[in-house]
Amino acid sequence: MAKTNPLTFIQQVRSEVAKVTWPTRRETAVTTVMVFIMVVIASIFFLLADQLMGWGIGWMLGV
């Protein structure tokens, strides 16, 4: 692998970063809210699944 001059490397990095499409503040906020909503939904689902399995196993074992 060829060695790259540090100055050339920094120029290449800046060039690549300029090509990135950064999200707007609104897009970031909406995505964050959607993630929190999905976390709450998944938490409720797994809580209910755990309770149902615990009840079913308790019923089968007669506890």
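Okay, surface first: the chain exposes about 6,400 Å², and 73% of that comes from carbon and sulfur atoms. Keep in mind that this is a predicted model. On the burial side, 5% of the 63 residues count as buried.

How does the overall shape look? A compact globule of 63 residues would have a radius of gyration near 11 Å, whereas this chain comes in at 25 Å. If you box up the C-alpha atoms along the principal axes, you get roughly 70 × 35 × 10 Å. As for secondary structure, we have two helices and zero strands.

Let's take H1, residues 6–19. Asparagine 5 caps its N-terminal end, with a side-chain oxygen 3.2 Å from the backbone nitrogen of leucine 7.

Now, salt bridges. Searching the whole structure turns up one. The partners are glutamate 16 and lysine 19, with 3.2 Å between the closest N and O atoms. In general, side chains of opposite charge can pair when their charged atoms come close. Why are these two placed to meet? Well, they sit three residues apart in H1, so about one helical turn separates them. For the solvent picture, glutamate 16 is partly exposed, at 47% relative accessible area, and lysine 19 counts as exposed, at 58%.

On to H2, which covers residues 25–61.

Which residues of H2 are buried? That would be Ala49, Gly56 and Gly58.

Staying with side chains, let's talk rings. A search of the whole structure finds one aromatic pair. That pair is phenylalanine 45 with phenylalanine 46, edge-to-face, 5.1 Å centre to centre and 70° between the planes. The cut-off for exposed is over 50%, so that is the number to hold them against.

Last stop, the end of H2: glycine 62 follows the helix, and its phi is positive, near 70°.

So, to recap: two helices, zero strands, one salt bridge, one aromatic pair, and a radius of gyration of 25 Å. Okay, that's my bit.

How values were computed
Residues are numbered from 1 along each chain as its sequence is written. This is a predicted model: local features need pLDDT of at least 70, side-chain atom pairs count only at pLDDT 80 or more; totals for chains, interfaces and linings use all residues. Side-chain values use heavy atoms; hydrogens and water are left out. Helices (H or I, at least four residues) and strands (E, at least two) are DSSP runs, numbered from the N terminus. The radius of gyration is taken over C-alpha atoms; the globule rule is 2.2 Å times the number of residues to the power 0.38. Buried means under 20% relative accessible area, exposed over 50%, partly exposed in between (1.4 Å probe, protein chains only). Accessible areas come from the Shrake-Rupley method with a 1.4 Å probe; for residues, only the protein chains shown count as cover. A salt bridge is a side-chain nitrogen of Lys or Arg within 4 Å of a carboxyl oxygen of Asp or Glu. A polar contact is a pair of N or O atoms within 3.5 Å; within protein, one must be able to donate a hydrogen and the other to accept it, and residues adjacent in sequence count only if both atoms are side-chain atoms. The expected span of a helix is 1.5 Å times one less than its number of residues. Rings of Phe, Tyr and Trp (its six-membered ring) pair if their centres lie within 6.5 Å; planes under 30 degrees apart count as stacked, over 60 as edge-to-face and the rest as tilted.
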